[in-house]
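Let us go through a structure by asking how to read its features one at a time.

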Amino acid sequence: MFLSRRFYIVLTLLILLIAAGYLAAPLFNIGRWLLLVFLCLTMAEAAVLYSRKGIEASRLCADRFSNGDENRVTLQVMNHYGFPVHIEVIDEAPVVFQRRDVCFKEKVPSNGEQTIRYSLRPVSRGVYSFGSIRVFATTILGLVQRRFTSGEPVQVKVYPSYQMLRQYELMAIHQNLTETGIKRIRRVGNHTEFEQIKDYVQGDDYRTINWRATARKHQLMVNVYQDERSQQVYSVIDKGRVMQQAFQGMTLLDYAINASLVLSYVAIRKEDKAGLITFADSFDSFVPASRQSGHMQTMQEALYAQQTTFGETDFSALYAHVNKHIGKRSLLVLYTNFMGMASLNRQLSYLQQLNRRHRLLVVFFEDAELHDYISTSANDTEELFQHVVAEKFAYEKRLIVNTLKQYGILSLLTTPDRLSINLINRYLEMKSQGLLL
């Protein structure tokens with residue numbers, strides 16, 4: 001049993017009223033009677049609250065959370081009292097969230113139910129532990145609170161962003177990919193497989209007109225072709241210290257993992273085979289390219305516990321193991337982060353060797369905060385020097401793109417928050433232009 005704040009406020013006022021009886025005698029007797037009534041009401045409320053089981057609460061949430069996304073948690077509170085109660089619900093959310101506001105005040109009708117919903121956004125993968133649900137119930141008097149402990153402690157695994165996969169799947173079903181910047185590019189006249197017949201729209205090549213279908217429909221119809229299928233697309237993820245940099249609470253490694261899942265999903269939908277490689281100071285994980293049923297779940301499990309290391313990345317080990325495990329020419333999408341030309345030059349020879357046997361696309365990151373700082377004005381000499389240094393770093397990123405281009409290596413420089421969309425656009429563009437092989 002807990003005494004509420006209202007109890008102490010009323011008790012303080014009654015004590016002051018009794019103390020005032022030394023100045024006016026009638027106030028002393030009034031205060032004593034009111035104190036007696038107050039204590040009787042308190043005991044009566046406590047007796048009513050403890051007369052039956054009272055309150056039950058349960059938590060509904062997914063067995064696994066999606067990293068970087070809002071995940072819904074639902075609390076259901078059942079009132080078994082024959083009168084309405086006021087409740088204060090505290091859900092013991094995982095400590096990693098550092099949430100102090102998972103506390104809700106509601107009114108539940110007699111023999112009724114109240115549903116409370118809130119969301120949590122994890123920014124790192126792993127196992128998160130929920131505690132119990134604490135419910136503090138009181139009657140309309142609000143003098144005494146009874147605490148109920150419900151819900152079993154549960155553990156929830158946080159996986160790479162699978163909600164993003166569902167989002168792209170729904171957009172693909174409704175043909176809304178272009179609304180998010182994902183464009184479909186057709187390379188007319190060079191496709192190898194027939195896909196469908198559709199209505200002619202302005203811009204379609206007249207050479208693809210299907211005259212038989214046009215005669216039947218009495219309107220222009222064109223053939224649509226698609227690219228050669230069953231090409232291998234490997235996501236190669238650097239887990240070295242350069243991927244520990246954070247953006248909006250998530251590390252670059254987490255952004256790379258989320259983007260690799262989305263790319264693999266789109267590749268499989270395009271009839272390509274998706275695979276996975278992770279490495280740091282040594283070769284780590286390898287998932288052979290496939291598009292069989294359940295392959296996306298296999299990749300999620302492989303990426304679930306991946307963490308960055310504090311060592312320097314060994315690209316020589318990557319080159320040796322890629323040659324050992326991948327015999328067919330494939331598209332290698334390398335997620336890494338070059339801070340400057342010096343870091344690129346140390347690895348350039350290995351990138352060239354990878355690009356000779358495979359098609360290599362190097363994905364690295366722009367510092368969005370750095371660009372925001374460059375766009376501001378310098379107010380004094382110190383800030384002017386800081387702007388010069390910031391512009392030098394931004395220039396070196398662009399110089400890396402040009403250097404890779406000189407050696408015939410494709411690259412993608414993007415901010416972390418735009419990584420998935422820009423990468424899919426680049427993949428579709430390369431596929432339409434026949435650059436995967």
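Q: Is Arg 346 buried, partly exposed or exposed?

A: Buried means under 20% relative accessible area, exposed over 50%, and partly exposed in between (1.4 Å probe, protein chains only). Arg 346 has a relative accessible area of 49%, so Arg 346 is partly exposed. This is a predicted model, in which local features need pLDDT of at least 70 and side-chain atom pairs count only at pLDDT 80 or more, while totals for chains, interfaces and linings use all residues. Residues are numbered from 1 along each chain as its sequence is written, and side-chain values use heavy atoms, with hydrogens and water left out.

Q: With which residue does Arg 346 form a salt bridge?

A: A salt bridge is a side-chain nitrogen of Lys or Arg within 4 Å of a carboxyl oxygen of Asp or Glu. Arg 346 pairs with Glu 312, and the closest N and O atoms are 3.6 Å apart. Glu 312 sits in the loop between α6 and α7 (315-325) and Arg 346 in helix α8 (residues 341-357), so the pair ties together parts that are 34 residues apart in sequence. Helices (H or I, at least four residues) and strands (E, at least two) are DSSP runs, numbered from the N terminus. Through shared partners, salt bridges join Arg 241, Glu 312 and Arg 346 into one network.

Q: Are Asp 254 and Arg 125 buried or exposed?

A: Asp 254 is buried, at a relative accessible area of 4%, and Arg 125 is buried at 6%. Their side chains meet in a salt bridge (2.8 Å, N to O). Asp 254 belongs to helix α5 and Arg 125 to the loop between β7 (113-120) and β8 (126-130), so this pair ties together parts that are 129 residues apart in sequence.

Q: Which residues touch the most other members of the largest nonpolar core?

A: In soluble globular proteins, nonpolar side chains tend to be buried together. A nonpolar core is a set of buried Ala, Val, Leu, Ile, Met, Phe, Trp, Tyr and Cys residues joined through side-chain atoms within 4.5 Å. Here the largest has 39 residues, and those touching the most other members are Ile 237, Val 333, Tyr 335, Leu 361, Val 363, Leu 423 and Tyr 427. Helix α5 gives the most to this core, with 13 residues.

Q: How many of the residues of α11 are buried?

A: In α11, 11 of the 14 residues are buried, so the helix is largely enclosed by the rest of the structure. Among them are Leu 423 and Tyr 427. Just after α11, Gly 434 has a positive phi of about 70 degrees.
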